[in-house]
Amino acid sequence: MNTSFPRLLAQAARDHGHMCPGQVIGVRLGMLGLALFGLDAPLGHSDIKKVIVYVEIDRCAADALVTATGVRLGRRSLKFVDQGMMAATFVRLTDRKAYRVSIRDEARELAARLLPDVLDSHLREIRAYQVMEAKDLFRVEEVRVHLNPEDLPGASPAKAWCGRCGETIRHGRAVERDGELLCRNCAGLGYFDRLGPVRDWTHLDPIHQDRPQEGALDRSEREREESLHVRNHS
Ligand SMILES: [Zn+2]
Ligand SMILES: [Zn+2]
């Protein structure tokens, strides 16, 4: 057994908040996906920009996959495509070679056959998934991912501004409607309906709360702090 497996599994359970079958599946899936390219998990500093992982579900296993591989949403190496399927695709950026790894439905049944004496199914799956052969857990297929230049880490195509709400749109995500550039939210491709701006919320900000009775800074000191804050973030 790869010695980093138990270590990554323990780390995944810590990051995720509990041990569960999804942690075992996610860590194994992450390690396997990278191993298909001859890479060790988690990705080291020199390899972190070589791979993008698309994860198709937001369940326990997705957290474990992130811990095991080291890919991150904020580094653009992790993409979430909500297909509701227990699968992930690993793309090697140097040649765009891509493998999609999905979970076999029979895995649960096999776990029951492998450890019939463990009556608790949760415990049984945690144990069985650690020792089962990869071919009994996963299916691997080669795929070609529709990868656009703006999806890549480090890509920063020109910004656009939404003709309706005025917000900045990055990464080429603006859409054209009747000759006007709109953000996806205003173009009817969003995930919410706007109900209106919220008033009187600034006193709820945990950083700059306007509550003079509680350890208030005197005015000049507060102004000095605010100017520092602005400078640090500019
Ligand atoms: Zn879980
Ligand atoms: Zn807009």
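A residue is buried here if 20 or more other C-beta atoms lie within 10 Å of its own, exposed if 12 or fewer, and partly exposed in between, with C-beta atoms placed from the backbone. By that count, 25% of the 234 residues of the protein chain are buried.

This is a predicted model, where local features need pLDDT of at least 70, side-chain atom pairs count only at pLDDT 80 or more, and totals for chains, interfaces and linings use all residues. Residues are numbered from 1 along each chain as its sequence is written, while chains are lettered from A and ligands numbered from 1 in the order in which they are written.

**Exercise 1.** Describe the surroundings of β1, taking its partners and then its side chains.

*Solution.* First, β1 pairs with β3 in the antiparallel sense over five bridges, and Val51 stands opposite Arg92 in β3. Next, β1 and β2 are parallel, joined by three bridges; here Val53 faces Leu78 of β2. Now turn to the side chains. In a regular strand they alternate between the two faces of the sheet. Accordingly, Val51, Val53 and Val55 point one way from β1, Ile52 and Tyr54 point the other way, and all are buried.

**Exercise 2.** Find how α1 and α3 cross, and which residues make their contact.

*Solution.* Two packed helices are described by the angle between their axes and the distance between the axes. Axes are lines fitted to C-alpha atoms, for helices over the stretch in contact, and angles run from 0 to 180 degrees between N-to-C directions. For α1 (residues 4–16) and α3 (residues 60–69), the axes come within 9 Å and cross at roughly 125°. That makes the pair oblique, since angles under 35 degrees count as roughly parallel, over 145 as roughly antiparallel, 65 to 115 as roughly perpendicular and the rest as oblique. Finally, list the contact (C-beta atoms, placed from the backbone, within 7 Å): Leu8, Gln11, Ala12, Asp15 and His16 of α1 meet Cys60, Asp63, Ala64, Thr67 and Ala68 of α3.

Terms used:
Helix = DSSP H or I, 4+ residues; strand = E, 2+ residues; numbered from the N terminus. Contact = placed C-beta atoms within 7 Å. Pairing = 2+ DSSP bridges.
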